[in-house]
Amino acid sequence: MELSLSNISKTYKNGVKALDNVTVDITSGMFGLLGPNGAGKSTLMRTIATLQAPDSGTAVFNDINILEDKISLRKTLGYLPQSFGVYPKMSAEDLLLYFARLKGITEKKEREQIVQTALEITNLWEVRKKSVKGYSGGMKQRFGIAQLLLNSPKLIIVDEPTAGLDPAERNRFLNVLREIGTNNIVIFSTHIVDDVKELCTDMAIMNGGKILGHHTPAEGIERLNNQIWTKNIQREELEENEAKFNVISSNFNQDNSLNIRVHSETQPDESFSLGTPELEDVYFVTLHKDSEIVAA
Amino acid sequence: MFYSIYLFELRYWFRKPLFYVYCGIMFFLSTLIMATAAGIFEGITASINSVTIVNSAIAINALLNEMNVIIFFLLPSIIGGTIFKDFDNEMHSVTFSYPFKKWEYLLAKFLSGLSITIIVMFFAAIGIMFGSILPGTNPDLLGPFVLMNYVQSFIYYLVPNLIFYGAIVFAVVTFTRNVSVGFITVLALIIIQSFAGVLTQDVDNKILSAMLDPFGAQANGFYTEYWTIYERNENPLPFGEIILYNRLLWTGIGLFIFGFVYRTFSFDQEAFSFSFFKKDGRAITKKNFGSIMAIKLPKVNLDFSFVENFKTAWIISNTDFKYIIKSWGFIIITILGLLLSLATIAVGAEIYGTDTLPVTWQMLEFPGLFFGLFINLLTFLYAGLLIHRSRTDKIDQLVHSTAMPSWAILLSKFFALIKMQAVLLIGIMLLGMGIQIFNGYFKFEIGQYLFELFGIKLINVLIWGLFALFVHSFFKNFYIGFFLLLVISIGITFLSQIGIEQSIFKFNQGPGTAYSDMNGYGSSLGPYYLYKVYWLLLGIALYVFSIIFFRRGVPDSIKERLDEASKAFSPLLKTIFSICLIGFLAMGSWIYYVNNIANENLSSKEREKQIADWEKNYGKFQNIAQPRIVDVKVDLDIFPNSRDFEARGKYILVNKTAVAIDSIHIDHNNYLSSFDFGNSFELVLEDDSMNYDIYRLDNALQPGDSLLFSFEISNKPNGIFRNNSPIRKNGTFINNSLFPRIGYNSAGELSGEESREKYGLPPKERMASPTDSMALKNTYIAYDADWINFETTISTSPEQIAIAPGYLQKDWVEDGRRYFHYKMDSKMLNFYSFISAKFEVAKDSWNDIAIEVYYHEGHKFNVDRMIKGVKRSLDYYTDEFSPYQHKQVRIIEFPRTGGGFAQSFANTIPYSEAIGFIAEVDEENEDGVDYPFSITAHEVAHQWWAHQVIGANAQGATLMSESMSEYSSLKVLEKEYGGDKMRIFLKDALDRYLSGRSVETRKEKALIYNENQQYIHYNKGSLVLYALSDYIGEDKMNAALSKYIDAVAFQNPPYTTSLEFLSYLDEATPDSLKYLLEDMFRTITLYDNSVKDATFEVQEDSTFDVKLDFYTAKYRTDEEGKRKYSDVNGDSLSLEIEGRRRPIESLPLSDWIDVGVFGQDEDGKEKVLYLKKHKISEIENSISIVVNEKPTSAGIDPYNKLIDTDSNDNKRSLKEEKKTDVSDR
């Protein structure tokens, strides 16, 4: 099972280059697409989900040419957009049965069964008769997962699903995704590093419409071994440190002092101590490198 | 702050392309409408023959108000949009936190929207101005340009109406935060307005209905309803107090609504909403526990086969369908529409205050407005809402990423629309059956309902549904789509005016269907379905376009959409598209071929030209000597099943002139015909297109000699889709116009002044003067015969009865056909009919006169009333006028599809099933007239007034036929039902006369010069003759009439004229009343009588002293309707009245007018206490009358015997004056 994208580009009418020669191969498992707001993640997701045509490039899932044979891909696709609404005055159950029909499940028995399973998995069984319009944010996201499960998809695309969820909701949500991800491709975009850290088997970092790095989370961290240095400074010393060192992140401590992290192959000076690299560091380093290239 | 918000909003709109689209559409539309009305397309279509100016104040106002109604549909988008965009863009949470006051915000929003709307309206006005000055318009149809006409219309009507409707829309959108609700509100308001219009039609109190109309149109109509053509062309827009109060009322309500918004509005963020089904308020507590579980999805099979997708479309359409029928818009509009239909049925089915039976075809016919307008509006509205629904609710990405093909998703929307349409149609059926049950009519024809609604109407609205989906899937903006659909659907009906006449060029148009109880749908279904299939093919082809242009996903540019579309245009869709398009074009070509090439089809321009050529080519033959028909024998074979006929006829022609006639001119029609003159003859001219032939006889016909002319006529075979014969399966009704005529027919000439000028023909009166001796040679019925002998044998299918004038000599069956031989024993006009249908027969007699009514099975309801009508008529007419010339009176029903009238032939009266046969006469109903009785009396009267006395073919001829038949039937009605019924009849006649003269297309003539003008000969005639008999006495009047009949009945040429008729009345009229003849017959004279004050005092001897102050004024109008107040000597009366701008003027008076005082009897019914004619010679009058019982009302001419444009101010309730000291006064 493999999704391979090559040389996908897309420039919007207003001149924004949303995708810039994106080439990536994705196999079974959870694939995290990490990037800041406006990186082009959603455009890429919509392109894979057949809802948007790129200007150039090819996209193939197994034997399906996504850009040409949209219907075949959709049969095996589960898509949860970044934001979605529902028809008012319709219960979760009715709406899922509606989607089940749209997704081609023609046997009534099967429809009812899969809808029940989806409701149970997403823990919406108790509230299946309630109008989805009245659901809380988390419940609505779970409903989104329920609807994408209906056609037993092989390729699942979820666009920033955890935004705005409380920690427990988020956990539960990610677990469900993870379960699904074991035998299928789940592509999942986020700007939250922890999401990726916790459950992705593979990941890419994206910004400015480009894939900046593609590796497993562990590989990424591995690469930064002995290259992350930390030190506590006062707030007013930050600008001076930033000028001198390659500061990739800075966090306030409780006492209003700052903890800064610096990427360097060698110890910048003796005031720095070696830090344990984290996925967040990978993310910032990647983005940082990119902006340096742009600046140069 | 106010100004900055206001200006910001204006700038916002000025930057928006939508604003320019609206302005452009309104400008273009107005220009087109005005230019069309002003005759710019006269060159490509027929001439507009009208004396009404299209840019008079009243016409401009009417047009501007129509454009304003279109603009009402823009209000939600413009006024609603200014406030809605803050909510829509979620800006309100930000903007509402800015420091401005509530009034500034709301007023600026409202006024900016209003200003923009008014600017759009300006463009409509400019379009109208532009349309009227375009080169190519006809100067005869245009008056001078008067800017004031526009200004006044804006001030009086347009702006106040925009404020009122704008405020409502503003309120609705502000509170619901939903522009579609604003939209539905506009629809609902317009329906309510037309609803009020229908309801108030019947109301006697015109002031109330004038006040109740939020458009102000009824208030305007209050003043202009009876304006003559002159007044319409010349007068400025009236502005009386009724209009003022109406405007104040509705603008006030508008401002009040705005005030209400101001009071209730707060800058909070929650929209006001309401729901049909109350939601329970239970909070949902989410479960956060239970975490990791194994996910085992049951195995499902995905099936995207064509059949399954089709089924899916059907099933998921239920979701959209439920959405529609649960939405407020649908519910409100449907309920209003049904109420409107109910009101239309209640009002529409009444004739002279009497209901008709709620037969099924009526239940289906009257909700025509509902069918035509509301189903279409709802289709246009919901097609758009469904197309855009998933995007509006932001569920589109979920739906569009499923593997369901676009055609199936779109199909589900189409199915939902059809289901909605079906619900509406069922609504009609339930409404109809409800009315039937309510009226105790239990003959339910469910099959008829279902066939009409689902077999006929559904396919029509369904094609509109396909079209609406097509338009909406193209336009991202719902309003543009809806607006376009609205303009297209309304505009289509006006295409003929710009020269596009054939239905094949007008979307979803074609021949309609017509149903009658007697003949079912006749032959109307074939052509109807043919055209519907034709349009359905186009509809499907367009639908394929909707599929490929279906907006799936998030296309970024037009190019992308085109790319997507070309990819989506799969081979299958290409095949369907091609088949439909080819089918459409092939059918269109075929229809075009059949209608234009295989058969002759004339556009109205070509027809006009042909009529002009008729006169140019053959007009010279008008006065040449021709023989006249004296004897007719016809054998007519009717074949009801194949709808064919064959006729063989023989005329005996006599040369009644003093010269020898060597050539005979035959004017015939385009049926297959052959002619023979017995001895040898030669065809010297044959005109295939105008069907005028000239035959030269080898031996000229000498004066006094006769000739046998025989002919054979049959129809070309009927095609499935083209009818070439007037024969019906059941209920054939044809007359002698089928047969050849001798000589040139001058009635076939162009009559419109404009058209005549266009083709270089000299001006011509519609009819010749009664002093024109040439005109007196013919009756107005025939120019080729005087009186004839008549004999006929008709054959038809065995179950039918065939009837023609004359008496049945023999009736037999031979070779499976039934034959009827009729022969008339006395002379009659050359005017006869043939009827054949399955009939039931009711028989009766009066003295030795046989009475027979032939009626359709099940239509027995009023047969007895008709028989009674015949008997009472024979009673009265034989007593008062002269003996009846025949031995029999027959009434014969014919299908309503043949017309809604009754007609009198010698001893034979064909009578439409739509009138009389299905009347529901309620003897208890004081306001209803037994019209089966009265129409029968009118038709029987024609046996005297037309069949004994027949006027020459000159102005005023119909005074002796139609007016006299009305007079006669009124007298019979009065004898049977009393004077009260007269008043209903006369009031109706007065209204019809006054309305009729206001839409005259040429000249209003005095009664004795009338040119077959219905509002004159029927309505004014009945009023005037009835009034005259009241003045001079019925006995004296009838004696004069009887004397006149004696003198002129069955006369030979020269024929009698209205002048001769009037001389008999003149003889019977005393000198003091001779002015009546001048006023009523020779001129157009109107009164303006009104009560100024009416009081009474109780006297000591318990009598009542009634004091009545009133004004009387009399004036004449010329043929255009311009008033004159001075007589031939230039004398006139004038009275200055305080508080009035102009004095009251009048012709000199010496007139006898009724003064009446009324009380009440025990039942509370009106009772006459005093009624006497007083001689009135002043404008201002005061009369005291002593009565013995308590009076309640009094009036001048209280029964409206005189013609008065405002008949409601003639009578007033009396106020009691208490005896008081003089000093108090």
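Biologist: What makes residues 273-281 of chain B a stretch to read with care?

Modeller: This is a predicted model, and pLDDT stays under 50 over residues 273-281 of chain B. That score is the predictor's confidence in each residue, on a scale from 0 to 100. The model has two contacts beyond four places in sequence for this stretch. Where pLDDT is low, the predicted coordinates should not be read in detail.

Biologist: What are the scores for chain B as a whole?

Modeller: Chain B has a mean pLDDT of 89, with 95% of its residues at 70 or more. For the model, the ipTM is 0.91 and the pTM is 0.87.

Biologist: How do you know whether the radius of gyration of chain B agrees with that of a compact globule?

Modeller: Let's set one value against the other. A compact globule of 1225 residues would have a radius of gyration near 33 Å, and chain B has 35 Å, so the two agree. Along the principal axes, the C-alpha atoms of chain B fill a box of roughly 115 × 95 × 60 Å. Chain B holds 33 helices and 34 strands, and 45% of its 1225 residues count as buried.

Biologist: Which residues is B:Gln943 in contact with, leaving aside its neighbours within four places in sequence?

Modeller: They are B:Tyr884, B:Gln885 and B:Ser904. A contact needs C-beta atoms that lie within 7 Å. As for B:Arg728, its C-alpha atom and that of B:Gln943 are separated by 28 Å, and the two residues are 215 apart along the chain.

Biologist: What makes strand 4 of chain B mostly covered?

Modeller: Strand 4 (residues 661-667) has seven residues, and five of them are buried.

Biologist: How do you know that strand 4 of chain B pairs with strand 7 of chain B?

Modeller: Two strands pair if at least two bridges are found between them. Strand 4 and strand 7 (residues 692-701) of chain B are joined by six bridges and run antiparallel, so they meet that cut-off.

Biologist: How many residues of chain B are in contact with chain A?

Modeller: There are 40, and they are in contact with 51 residues of chain A. Helix 13 (306-326), helix 17 (396-400) and helix 22 (558-568) of chain B each supply at least two residues of that side. The largest share, five residues, comes from helix 13 of chain B. By class, this side of chain B has 18 nonpolar, twelve polar and ten charged residues.

Notes: Residues are numbered from 1 along each chain as its sequence is written. Chains are lettered from A and ligands numbered from 1 in the order in which they are written. This is a predicted model: local features need pLDDT of at least 70, side-chain atom pairs count only at pLDDT 80 or more; totals for chains, interfaces and linings use all residues. Helices (H or I, at least four residues) and strands (E, at least two) are DSSP runs, numbered from the N terminus. Ala, Val, Leu, Ile, Met, Phe, Trp, Tyr, Cys and Pro count as nonpolar, Asp, Glu, Lys and Arg as charged, and the others, Gly among them, as polar. The radius of gyration is taken over C-alpha atoms; the globule rule is 2.2 Å times the number of residues to the power 0.38. A residue is buried if 20 or more other C-beta atoms lie within 10 Å of its own, exposed if 12 or fewer, and partly exposed in between; C-beta atoms are placed from the backbone.
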